[in-house]
Every structure is written in C-alpha cells, then in structure tokens.
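Dear colleague,

I am handing over the structure shown below, and after it I set out what was found. Please read the notes with the model open beside them.

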Amino acid sequence: MRRGRLAAAALGGALLAAGTVLVAAGDAPARFLVVEDPPGPSDAIVVMAGDPGYERTASAAALMRRSGVPVLILTGGEPGPGDSAESLRARAIALGVAPERILVETRSRSTREAVLAVAPLLQERGARAVTLVTSPYHQRRAAAAARRAWPGVVVRSRPASPSSWTPEGWWRDPGRRRTVVTEYLKLLYYGGRGWLATTP
C-alpha cells in the first residue's frame, strides 16, 4: 500500500514537472504532437480507437468516400462507444462506408497493441502504403508506433479534422493540458521501450 502511494506521488510529481516545462514553451509543444503528411495513394485507412466523439471515424469515412481507398481498418478492444472497433464500424457504416470494405481488430487496448494487431491484416493484403487517422495530439506517437510495427509500409499521417482538440492555448484548459502532458510521458515511455520508429 505504501509502495502504491509512493508511486502515485512520483507520477504526480512527474506530471507537475513536465507540465511546468511544457507550459513555459507556449503552443510549440502541442504543435509538435500534430503531424500531417501530404496525401498520397494508400492501400488502407487505419483508424485508432479512443474516439468517443467519432471525429477520427468521420474523417476516415470522408476520406474513403473521396479517395477510393479499398479498405478501412478499425481498431479497439475496449468496451464502449468510440473505444470498441464494433462501435466505430457502426458509425462508419452510418456515414456511408460499405460494410464489405471494413475490417476490424477487436483485441487491442493500447496504441502499441493496435498497431501490432493490424500488422497481419496489412500483410495479408500486401499493403505498401497506409493512411493513419487519429486525433491530432495522438498523431506523432501513433504514426511512429505504426512505422515500427509495419516495416516496409509507408505510413501517411492524417489527423482527424475537424477536431475538438487544438494546440492553440492548450495550457489554458485543464483537459487539453492533461492531454498534452500525458502524451509526452507516453512518448517517453514508448521511446524507452523501443516501440517507436526513429526515422519517418
């Protein structure tokens, strides 16, 4: 029990310290998290779960309609709207994506698990280029994790747009402040575990 309290205190201290450093840099730390690549041909669009407002799914569905990408891959093994691949699938179909063009993986509970679960789906289809859709703040980590898990596949970042999250003035809002600080801690953790590609 004492060990748990010490761990919680250490985490709280790390969050406070990280937040103080990041806030001092203005909008730049939040902008760094956002990565958007030029559009290009893709063999699949992959949507990361954690999409309670379905911004990621809506952006991917719109891209499917205008780009002719053959398959939409939805991730997520957590229960609940936006966290389960099945909930994303239902929304994508409601937005006009044909059911036969949708694949799901329903086991993942983290970004790392999602990109690993999607890898065999891409291999089966011989995918050489993929468009990855997630929230703007999540795009840098998700894309780097995908490149690490999908060697030989070109990963094109496509942040959800419009998005309720924006980098401007992020430190003024407690929710956005927590999101940015947490994302930096996750980047450090993923990098330390060797789960991120070191080159684009």
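Strand β2 (residues 72–74) and β3 pair in the parallel sense over three bridges, where two strands count as paired if DSSP finds at least two bridges between them, and where helices (H or I, at least four residues) and strands (E, at least two) are DSSP runs numbered from the N terminus.

As for the basis of these notes, this is a predicted model, in which local features need pLDDT of at least 70 and side-chain atom pairs count only at pLDDT 80 or more, while totals for chains, interfaces and linings use all residues. Residues are numbered from 1 along each chain as its sequence is written, and side-chain values use heavy atoms, leaving out hydrogens and water.

The open sheet has five strands in the order β3-β2-β1-β4-β5, with parallel pairing. Because β3 (102–104) and β5 (154–159) stand at the edges, each with a single partner strand, one side of each is left without a neighbour in the sheet.

Helix α3 (residues 55–67) packs on this sheet, touching β1 (44–47), β2, β4 (129–134) and β5, contact meaning heavy atoms within 4.5 Å. The direction of α3 makes about 170° with that of β1, with angles running from 0 to 180 degrees between N-to-C directions and axes being lines fitted to C-alpha atoms, for helices over the stretch in contact. Helix α6 also packs on the sheet, touching β4 and β5, and its direction makes about 165° with that of β5.

With kind regards
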